[in-house]
Amino acid sequence: MELKDTTMLITGAGRGLGEALARQAAAAGARVVLLSRSERVREIARALRDEGRIAHAIVADVADKDAVFQAAGAAVALVGPIDVLVHNAATLGPSTLRPMLDTDCEDLEHALGVHVLGPFRWSKALLPSMLLRDRGALVHITSDAATTAYPTWGAYGTSKAAMEQLARSFAVELEGTNVRSFSVDPGEMDTDLHARAMPDADRATLASPAAVATRVLAMIAREALAPNGARLIASEVLS
Ligand SMILES: NC(=O)c1ccc[n+]([C@@H]2O[C@H](COP(=O)([O-])OP(=O)(O)OC[C@H]3O[C@@H](n4cnc5c(N)ncnc54)[C@H](OP(=O)(O)O)[C@@H]3O)[C@@H](O)[C@H]2O)c1
């Protein structure tokens, strides 16, 4: 799928990997909608338009079930039917990372809302038009915490594991179409999320979100790199 003229909605595009994806996709000629809860996406979209790119912003919470269909309609009105939906928004939870027994049920509920139920609703809103046009991709940004259990990462990891199964569940039903559903583990990146989780990490050992975004966009553009149903590790693609 050529990135040029592709329409793309990226959740969590106000910083980190999502912002890098939006900037690079727009630079490649995609028509991009950036979504996050804070106004920062508006500033980024405005700056991209000043550079001659096609970029718009929607301020919304992916976990807000009442916002999805209105926000999805707005995205389509801004750039046309969405070809690529990137489920990138993520949360470590309302509180700091905690052992399972100290994790409130509400913390897990919140993580499931952002990483599973929200993406499920957004995919339900936008996938039918991809299928009608027989073109598109659902991209799920996951984590190694989905496959390996780390102490205090239980709510995050459990919800990311469920997100991966969501990706696979769509994928088996998309067989035979030109719409793909796949997951990408971006690896450790130098972002706010990482700094909040591991403030003492050596930043020099972390990948830049821009480098990871380049790989994710290559997976979107080239089906051979990211077939339907795949779970990919960003550092292993194009390495
Ligand atoms: N950084 C790493 O080392 C690492 C490792 C493995 C996997 N990942 C995954 O990579 C992806 C990107 O992570 P990152 O490090 O770039 O994160 P980040 O720097 O914390 O950025 C997360 C983005 O998501 C938005 N967001 C959070 N909750 C949201 C919600 N409920 N609705 C809408 N937007 C929301 C944030 O903006 P607002 O707060 O303004 O809404 C922000 O724009 C995530 O899926 C993460 O799980 C990251």
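Predicted model: local features only at pLDDT ≥ 70, side-chain atom pairs only at ≥ 80, totals over all residues.
Q: Is T152 buried, partly exposed or exposed?
A: Burial needs 20 or more other C-beta atoms within 10 Å, and exposure needs 12 or fewer. T152 has 16 other C-beta atoms within 10 Å, so T152 is partly exposed.

Q: What is phi of T152 near?
A: T152 is a residue other than glycine.

Q: How many C-beta neighbours does D144 have inside 10 Å?
A: D144 lies in the loop between β5 and α5. D144 counts as partly exposed because its C-beta neighbours inside 10 Å number 15.

Q: How far apart in space are D144 and G157, C-alpha to C-alpha?
A: In sequence, D144 and G157 are 13 residues apart. In space, the C-alpha to C-alpha distance is 8.1 Å.

Q: Is D134 buried or exposed?
A: D134 is found in the loop between α4 and β5. Just after α4, D134 takes a positive phi of about 50 degrees, in a residue other than glycine. D134 has 9, so D134 is exposed.

Q: Where does α4 bend?
A: α4 covers residues 105–133 and has 29 residues. From first C-alpha to last, α4 reaches 40 Å, close to the 42 Å expected at 1.5 Å a residue. The axis still bends by about 50 degrees, and the place is G113.

Q: Which elements are included in what covers the buried residues of α4?
A: The buried residues of α4 include D107, H115, W122 and M130. Also buried in α4 are A111, V114, V116, G118, P119, A125 and L126. The cover for these buried residues includes α3, β4, β5, α5 and β6.

Q: What does α3 reach from its first C-alpha to its last?
A: α3 has 12 residues. At 1.5 Å a residue, 16 Å is expected. The model comes close to that, with 17 Å.

Q: Why are the buried residues of α3 on the same side?
A: In α3, the buried residues are V68, A71, A72, A75 and V79. They sit on the same side of α3 because the arc they cover around the axis is only 100 degrees.

Q: Which exposed residues does the face of α3 turned away from its buried side carry?
A: The buried residues of α3 pack against β1, β2, β3 and α4. The face turned away from that buried side carries exposed residues, namely G73 and A77.

Q: Which residue follows α3, with a positive phi?
A: Phi of this residue is near 95 degrees. The residue that follows α3 is G80.

Q: What arc do the buried residues of α2 cover around the axis?
A: Helix α2 spans residues 40–50, and its buried residues are V41, I44, A45 and L48. They lie on the same side of α2 because their arc is only 95 degrees.

Q: Which residues are exposed on the other side of α2?
A: What covers the buried residues of α2 includes α1, β2 and β3. The other side of α2 holds the exposed residues R46, A47 and D50.

Q: Which residue follows α2, and what is its phi near?
A: The residue after α2 is G52. Its phi is positive, near 90 degrees.

Q: Which residues come nearest to the ligand?
A: There are 29 residues around the ligand. Those that come nearest are G12, G14, G16, R37 and S38.

Q: Which elements give two or more residues to the shell around the ligand?
A: The shell divides into 12 nonpolar, 12 polar and 5 charged residues. The elements giving two or more residues to this shell are α1 and α6.

Q: Which residues does V237 touch, not counting those up to four places away in sequence?
A: V237 is in the segment after β7. With 17 other C-beta atoms within 10 Å, V237 is partly exposed. V237 and M219 are 18 residues apart in sequence and 8.1 Å apart in space, C-alpha to C-alpha. Leaving out residues up to four places away, V237 touches R215, A218, M219, L225 and L232.

How values were computed: Residues numbered from 1 in each chain as written. Helix = DSSP H or I, 4+ residues; strand = E, 2+ residues; numbered from the N terminus. Arc of directions from axis to C-beta. Contact = placed C-beta atoms within 7 Å. Near = placed C-beta within 6 Å. Nonpolar A, V, L, I, M, F, W, Y, C, P; charged D, E, K, R; others polar. Expected span 1.5 Å × (residues − 1). Bend = angle between axes of the 7 residues up to and from the residue.
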